[in-house]
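Please keep the model in view while reading.

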Amino acid sequence: TTFQDGGEEVEDGAVYNVTLKKVQIQQAANKGARWLGVRDQLPPEHTVRQYETSKIRAIKAGTLEKLVENLLTAFGDADFSYISIFLATYRAFASPRAVLELLLDRFGALEASSHGEVANLNSLESEMVLRVEIASVLRAWLDQCSEDFREPPDYMCLLKLLDYLKNNMPNSDMESRVQKLLKQFQNQEVEAVDGFCSTFSSDLVDGEELEISNPEEFSSFQDHVVAEQLTYMDVMLFRRVVPYHCLGSIWSQRDKKENKNLAPTVRATITQFNAVTKCVISTILGTRELKIQQRAKIIEKWIHIAHECRILKNFSSLRAIISALQSNSIYRLKTTWMCVSKDILLMYEELSEIFSDHDNYLTSRELLMKEATSKFANLDSSEKENQKKSQKRLQLQKNKGVMQGTVPYLGTFLTDLIMLDTALQDYVEGGLINFEKRRREFEVIAQIKLLQSSCNSYCLIPDQKFIQWFRRQRHLTEEESYKLSREAEAAADTNILSPKSQKSMVKRISTLFLGTDVFTPPKEQPPKSSPVGGSSGESTDSASVSSCEFNHSETEDVCVTPVSSPEDPLKKGYDSDKGSVSSDKGSGSSKGSESSKGSIFDPGLGSDSGSIPTRDSGVVPNSAPRVLPVYNRQSGGSCIIRVSMDGLHASVYKSILITNQDRIPDVTQRALLKHNLEPDAVEDYELVQVISEDKELVFPRDANVFYGMNSHVNFDFILRKKA
C-alpha cells in the first residue's frame with residue numbers, strides 16, 4: 001500500500017485534506033505464462049499486478065454545521081477515526097445541545113421530508129441509509145461520551161434524543177438504552193464538587209478529627225499494603241476522569257470565578273496527588289520527638305512504598321512521594337539523609353530519574369508508553385540488590401496471576417494539551433473551526449483513554465483501616481513544615497556524631513546526588529509565601545504538589561517540575577500553601593520541561609507521536625507536519641512566552657503565542673485577557689523580560705516583542721503596572 005498527497009478540496013464551509021491510497025488487489029500470470037501453464041513462482045516480468053486507487057478525504061477545517069454533517073459521511077470518505085476524534089474534542093468549540101440539534105433537527109428533518117415525496121426505491125434507500133448513519137453516530141456517542149448527557153435536573157438533551165428515537169426507531173435497543181440511562185442519572189445523587197473531588201482524602205465521618213500521624217501507627221502498615229491502597233484510590237479517580245476535561249481550552253479556564261466547578265474529575269486527581277505528598281511530609285516532620293534514626297527510617301519506608309508503587313505501575317503516587325521527598329522541608333534534612341542506608345539511597349535515585357525533566361521528560365514518557373498495556377512492570381535496576389528484591393516482588397504477583405493496569409501522572413498530559421491549545425489557532429481563515437488542532441489533541445486524549453481502559457485490570461480491595469488513617473492526617477502548611485524542618489535539623493546537629501562517621505556519611509550522600517566529594521547544602525531561607533491561592537474552603541482544590549502541570553493556581557500548567565535534576569538536586573523549594581514544588585524563581589528548569597524533543601511538538605514525530613489508533617481507525621497520513629511554536633525557542637517566525645503579573649508568584653503565568661508581527665500593545669492586551677483583566681488598560685502596563693535575578697529588559701511602547709526579546713535566556717515576562 002502506498003499513499004500520495006492529493007492536496008486540498010475546498011467546499012462551501014469546509015476544507016478537506018485529500019490523500020490517494022494505492023493498493024494492490026490482484027497479481028496474476030500474464031497471457032504467455034497462462035498459455036504455458038506456469039502460474040506459480042513467476043519472475044516479476046511474467047506477472048501482471050492490478051492496483052486500485054481510492055481517495056481518502058479528511059476534513060481539515062469547517063463550520064460547525066459541516067463538522068456535524070461530516071459525522072454522517074466520514075465512513076464514506078474513509079476517515080474512520082473522525083467520529084471518535086469529534087466526540088472527544090467537540091466540547092472545545094460547541095455544546096452537546098448544539099451538536100444534537102444539528103444532528104436531529106437538520107438531518108432528521110431531511111429524513112422526515114422524504115415521507116412527503118412519491119415513494120420510490122431511491123428515496124427509501126436513502127432514507128434507510130440516513131437513518132443507519134444517524135443511529136451509528138448516536139450509538140458511538142452513548143458508548144464513548146454518555147456523560148455529555150448528564151444535565152441535571154432537566155436532562156434536556158437526553159429527553160430530546162428519547163423523543164427522536166420514539167418517533168423514528170420505536171422499540172429499538174437504543175431507545176431502551178436511553179431510557180435506562182435517563183433513569184440512572186435521575187436516581188443518582190447529584191454530587192457536590194467538593195465531595196466529588198476527594199471521597200478518600202478529605203471527607204471525615206462525624207466525630208472524626210484531623211490528627212498528626214503517629215509514627216508507630218504508620219509503621220504498622222506494610223509497605224506493599226500502603227502502595228496498593230494508594231493505587232486503589234488513584235485508580236478509582238483516574239477511571240472517572242472525563243477526557244475532555246483535560247483539553248487545554250477547558251482546563252485553562254478553571255481559574256475564572258464562574259468556572260469554580262469546571263473539570264471536577266481532573267481536580268479530584270489533583271486533590272489526591274496533593275494529599276499523598278502532604279501525607280509524606282506530615283509523617284516525616286509531624287512528630288517533634290523523633291530521633292534522627294527514626295526519621296530516617298520513615299524516609300526509608302516511603303522510598304520502599306514508592307518502589308512498590310513502581311512495581312504496581314502507579315506513576316501518580318510514585319511521583320507524589322518523590323516530589324515530597326524532594327521538597328525543601330524534607331530535602332534540607334541533611335543529617336537525617338546521612339542515616340539513610342546506601343541501598344535505599346540508590347533506589348531513591350533510580351526512582352527520581354524516572355521523572356527527570358531532560359528532553360521534555362523523555363524517560364517517563366517512554367516508560368509510560370512501554371508499560372501502558374503490558375501485564376506487569378518492566379523493572380531494570382542498576383543495583384544488584386534492588387534488582388533481586390524487585391524481581392522477587394514481581395514474581396510473587398505473577399504467581400498470583402493478577403494482571404496490572406497503569407496509572408499515569410496526569411500532569412504530563414495536561415501540559416501537552418495546554419501547549420497544543422496555546423500553539424494552534426482555534427479558527428482559520430474564513431472563521432472555520434480548525435479541526436486539525438482537534439486531531440492533534442486527540443492523539444493525547446487517546447493515550448488517556450487507553451490507560452483508563454488498562455486500569456480495569458487492577459484487582460485491588462480497599463483496606464478501610466488504612467483509608468481512615470490516610471484521610472485523618474492533618475496536612476502541614478508550608479510555614480509549619482519549614483519550621484519543623486529547622487527544628488529537626490537543629491536537634492540533629494546537637495547529637496554526638498564522630499568526625500569520622502560524619503565525614504563518611506557526607507561523602508556518601510554527596511557522591512550519590514552530586515557526583516562529587518563535596519556536599520553543599522542549600523541555603524536556608526524561609527520559603528516565600530505566595531499571595532495567590534484559593535480561600536480556605538478551596539485549599540484542597542486549588543493547588544498541586546507536582547509542577548505547574550497540575551497546579552490550580554498556576555494558570556497555564558506549564559512551569560517547573562518538582563523533580564530535581566541530577567546536576568542540581570537541592571535547588572527545589574516546596575510551597576505547601578499552594579501545594580506546589582518549585583524553584584525560587586519558578587522557572588529554573590522549565591526550559592527542559594517544555595523542550596520540543598521527544599514530545600508531540602517534535603516535527604519529526606508527525607502524527608504518530610504517541611498516537612493510539614482506535615479499533616476501527618484507519619491511518620490517514622497528514623501532509624508534511626509544520627514546526628509548531630514552543631517555549632524558549634524561536635522558530636518559523638513565532639514562539640511561546642510566559643507572562644506573569646507583577647506582585648504574584650513567578651509560577652503563576654500565562655502562555656502566550658507571539659509572532660514576528662506582534663508589538664507591545666498587542667501582546668499586552670492578550671496577556672491582560674488571559675489574566676482575566678480589562679484589555680482596555682493596555683496603556684497602564686509595561687512589559688518586561690526577566691534576564692536574571694537583577695536584570696530586566698523593559699520594552700519601549702511600540703517595540704516588536706519577537707525581535708526585541710533576548711532569545712538566549714528563558715522567555716519569561718512580567719506585566720507591570722506603570723508607576
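Helix α12 (residues 264-285) packs against helix α13 (residues 292-311) at an angle of about 155 degrees, and their axes are 9 Å apart. Axes here are lines fitted to C-alpha atoms, for helices over the stretch in contact, with angles from 0 to 180 degrees between N-to-C directions. The pair is therefore roughly antiparallel (an angle over 145 degrees). The model is predicted: local features need pLDDT of at least 70 and side-chain atom pairs pLDDT 80 or more, while totals for chains, interfaces and linings use all residues. Residues are numbered from 1 along each chain as its sequence is written, and side-chain values use heavy atoms, without hydrogens and water.

From α12, Cys 279, Val 280, Thr 283, Ile 284 and Leu 285 meet Arg 295, Ile 298, Ile 299 and Trp 302 of α13, contact meaning heavy atoms within 4.5 Å.

A separate element is an open sheet of five strands, in the order β9-β8-β12-β10-β11, with mixed pairing; two strands pair if DSSP finds at least two bridges between them. Helices (H or I, at least four residues) and strands (E, at least two) are DSSP runs, numbered from the N terminus. Because β9 (653-659) and β11 (695-698) each have a single partner strand, one side of each edge strand lacks a neighbour in the sheet. Strand β8 (residues 638-645) pairs with β9 in the antiparallel sense over seven bridges, and Ser 638 stands opposite Thr 659 in β9.

Helix α20 (residues 410-423) lies across β8 and β9, at about 35 degrees to β9.

Terms used. Parallel < 35°, antiparallel > 145°, perpendicular 65-115°, else oblique.
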